[in-house]
Amino acid sequence: LWRHALLNPGSTCYYITPETSQGKKIVWFTNRLQTFGDKSYIKAINNSDVRVIFKNGSYIQIMGSENFAAANGLTPDYVVYDEFKAFHPRFHTEMNPNRLSKKAPLVIIGTPPKVGDRNRDQYMSYAEECKAMKQAYWTRRSSYDNPHVDKAWLDQEKKTLLDRGEFDTWYREYEAKIVVGGSHAIFPMFERDRFVKP
């Protein structure tokens, strides 16, 4: 977002999370958005609009998907969805047409949803579209790829979850894999010791 805002004067850039309060917690209250780059490029920081305004006329604003009507009429130059699995299902329907006028890139980031999450089908549909489109890029990265994560802690968490039979949680949350079933998807009327294999 910073790179796009600085290289394209007058850009309107949006960082969108499931709820505005979540976006504030992830990048605003931690000052990650305000201090990501050289402060000399910043003209103003608007706390009420949760917006960083740059001297070249660009800005980055935090929004939440819960207020999907607020997406109507926007003309973004760049859009980032973070933690997409928990987005309000109507948000993308409202925001996506706004990207057309400026051919605004869309970046979707997040852990794959669980079976039964409210927008799992929408998430899967976008992932498949991205894989099929020539102008799109799709990747899956595990927590082990993050250089800032303690690998010994990850190894212990993996052992703990797998020992408990929660392989679905491990693969989804730490390996970013799409898991269809798992220990939480077993029909409750089936006794684990009689009907369920490891």
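**Exercise 1.** Is lysine 85 buried or exposed?

*Solution.* Start with the model. It is predicted, so local features need pLDDT of at least 70, side-chain atom pairs count only at pLDDT 80 or more, and totals for chains, interfaces and linings use all residues. Residues are numbered from 1 along each chain as its sequence is written, and side-chain values use heavy atoms, with hydrogens and water left out.

Next, take the cut-offs: buried means under 20% relative accessible area, exposed over 50%, partly exposed in between (1.4 Å probe, protein chains only). Lysine 85 has a relative accessible area of 17%. Therefore lysine 85 is buried.

**Exercise 2.** Find the side-chain partner of lysine 85.

*Solution.* First locate lysine 85: the loop between strand 5 (78-82) and helix 3 (89-95) holds this residue. Helices (H or I, at least four residues) and strands (E, at least two) are DSSP runs, numbered from the N terminus. Then look for a polar contact (a pair of N or O atoms within 3.5 Å; within protein, one must be able to donate a hydrogen and the other to accept it, and residues adjacent in sequence count only if both atoms are side-chain atoms). The partner is the side chain of glutamate 173, at 3.2 Å.

**Exercise 3.** Which helix supplies the largest share of the lining of the largest pocket?

*Solution.* A pocket is an open set of points on a 1 Å grid over the protein atoms alone, where a 1.4 Å probe fits, with protein on both sides within 12 Å along at least five of seven lines; lining residues have an atom within 4 Å of a point. Strand 6 (106-109), helix 4 (120-132) and helix 6 (167-173) each supply at least two lining residues. Helix 4 gives the largest share, five residues.
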